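I opened my notebook to see how one part of this assembly packs and how its chains meet. Here is what I looked up, in order.

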Amino acid sequence: MKTQDMREQLAQMGNGAHALATQILGNSDDAADAVQEAIAKVLGRPGGYDPKKGSLAPWFMRLVRNHCIDLLRRRRGEPLEAESLPATGPGPEASAEAAQRDEAIRSALAALSPDRREIIVLRDYMDLSYAEIASVLDLAPGTVMSRLHRARMDLKETLIRYG
Amino acid sequence: MATEHVGELLSGYLDGELTQQQRQRVTLHCSGCEQCRDDLVELRALRERVSGAPLSELGEDQWRENMNDTTVQLSRGIGWLLFIAGLLVAGFYALYHLMIDSSMSFIEKFIIFGVYGGLAVLLFSVLRQRLIERKTDKYKDVEI
């Protein structure tokens, strides 16, 4: 893959990777740094990605996830609290109702366990296939559907509580 | 009417990840089960809500700019590395020739070494201080 193509794909995946990293690290700024470091790693050694082994997205997401987990280990991070997740405010054009709905989603996601947050972001926010999710999370392909379903049901219940 | 709910197959159905046989099973079950039908509608709405939620406030352009920064930083780093390596080689080369030069007395050699060595140490010290300040200055991005 040409480096320019890779850069373009990485730019397009940046937001998804940032959302995933935010769910793991619990902080938008730390997540942005982690994604930036992951991008630098990839661009520093573009030959590390082998297109024969699958598309770039799951490979990159796995790299971002592992990097975030390394960061957490190094910092000996405490379990995430709902308040620690970013309050990424809506733009000025967003209606108050939409902002409330977005806030409810963020709060409900923050209330889930990290593994449930991850799988929901990978599928519903990033639109990865089950096989790709299995590769990112290092799961058996057959377990993705059941885990995702449990996570969605949890999110649904939590959203009812958050309104 | 099917009595056993299809559970996780609803998610697979929604995501287009089921086999044809599984899809038929879900379709058939949902046609007679109001609860699973409602669950499917709710799960679909939930998925749309998550996919449209601003979970990241950064834009593609920002990542592109950051990548350019990374390239600039990398090339700058390589440039500095080459410059310092060249300087060191030149320094050692000059020192070697100074040492073996028999046309100069020890005092002359000492003076030359002192002047150039002192300049090199001063330069290194200033560069190091600048680097530390650049890394630790909280107000470096503040425009006056």
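I began with what the buried residues of α7(A) pack against. In this predicted model, their partners come from both chains: α4 (96–111), α5 (114–125) and α6 (130–137) of chain A, together with α1 and α3 of chain B.

Next I listed the buried residues themselves. In α7(A) they are A:V144, A:M145, A:R147, A:L148, A:H149, A:A151, A:R152, A:L155 and A:L159.

Then I checked the length of α7(A), which covers residues 141–162.

How many helices and strands does chain B have? I found five helices and zero strands, so my note of the order from the N terminus reads α-α-α-α-α. Chain B has 144 residues, and 16% of them are buried. I also looked at contacts in chain B with a separation of 6 or more: 49% of these join residues 24 or more positions apart.

Last came the interface. I noted 26 residues of chain B in contact with 33 residues of chain A. On the chain B side, α1 (9–14), α3 (34–52) and α4 (60–100) each supply at least two residues. Which helix gives the most to that side? It is α3(B), with seven residues. By type, the chain B side divides into 10 nonpolar, seven polar and nine charged residues.

Technical notes. Residues are numbered from 1 along each chain as its sequence is written. Chains are lettered from A and ligands numbered from 1 in the order in which they are written. This is a predicted model: local features need pLDDT of at least 70, side-chain atom pairs count only at pLDDT 80 or more; totals for chains, interfaces and linings use all residues. Helices (H or I, at least four residues) and strands (E, at least two) are DSSP runs, numbered from the N terminus. A residue is buried if 20 or more other C-beta atoms lie within 10 Å of its own, exposed if 12 or fewer, and partly exposed in between; C-beta atoms are placed from the backbone. Two residues are in contact if their C-beta atoms, placed from the backbone, lie within 7 Å. Ala, Val, Leu, Ile, Met, Phe, Trp, Tyr, Cys and Pro count as nonpolar, Asp, Glu, Lys and Arg as charged, and the others, Gly among them, as polar. The expected span of a helix is 1.5 Å times one less than its number of residues.
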